[in-house]
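I opened the model to look up one residue and its surroundings, then the chain as a whole. My entries follow.

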Amino acid sequence: QVAVQPASAVPVKAGGKVSFFVDARGAQYAWDVRRLRASAVHTSGTGMRTKLTFKSPRGNSAVYVLEVRANGGLAQLPFAVENRKPAHRQVLVVLPYLSWQARNVVDDSPFDGVPDTLGRGGPVPLLRPLALPQGFGQNEAPLLIYLDRTGLRYDLTTDAALALGQGPRLAGHSGVIVAGQAAWTTP
């Protein structure tokens, strides 16, 4: 098996370094990065280190998926890449990262064998192993694919980044789309 944890809940700037933590139980792993639902690989490689760092794709704001394979397992993790220059697009798309982690079935320390979710009473760490969120292919992905295919440009962030005061802000946008199901969020 293999697990991947984001190093940050904040979108990375296009062309900037992005990091993830990989738990492949000491085995070698192979990884690649693709734009959401694209067949072309942006970058790929192999490794054994627990920290995987690479340059994020350049260009417009978009969601990419990191795929890591090891020990017969596959971990897929979406991550946001924000245009390097402040685009000040009219629309800000907000990914529900907090809800992704709130519903994420992971047994956190003290490792009692019971998955920790906010629905079970939490608490839930902001940064912990994450896979493609439940419902991502039916909720967030179709919206992002539609925006990309129609050439509609947008700024991109996460609800966690907004709560932390990092990345694009709500101010200056005439519209905000909260992608997917944001069942858990901050005020």
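Entry 1. I began with Thr 158, which touches Ala 9, Pro 11, Val 94, Leu 95 and Tyr 97, leaving aside residues up to four places away in sequence. Contact here means heavy atoms within 4.5 Å.

Entry 2. I noted the source: this is a predicted model, where local features need pLDDT of at least 70, side-chain atom pairs count only at pLDDT 80 or more, and totals for chains, interfaces and linings use all residues. Residues are numbered from 1 along each chain as its sequence is written, and side-chain values use heavy atoms, with hydrogens and water left out.

Entry 3. I placed Thr 158 in strand β10, residues 155-158. Strands (E, at least two residues) and helices (H or I, at least four) are DSSP runs, numbered from the N terminus.

Entry 4. Is Thr 158 buried or exposed? I read 5% relative accessibility, so Thr 158 counts as buried. Buried means under 20% relative accessible area, exposed over 50%, and partly exposed in between (1.4 Å probe, protein chains only).

Entry 5. I checked the side chain of Thr 158 and found one of its polar atoms 2.9 Å from the backbone nitrogen of Ala 161.

Entry 6. I turned to the chain, which has three helices and 11 strands. In sequence order I read β-β-β-β-β-β-β-β-β-α-α-β-α-β.

Entry 7. I looked up burial for the chain: 42% of its 187 residues are buried. Of the contacts between residues at least 6 apart in sequence, 67% join residues at least 24 apart.

Conventions: A polar contact is a pair of N or O atoms within 3.5 Å; within protein, one must be able to donate a hydrogen and the other to accept it, and residues adjacent in sequence count only if both atoms are side-chain atoms.
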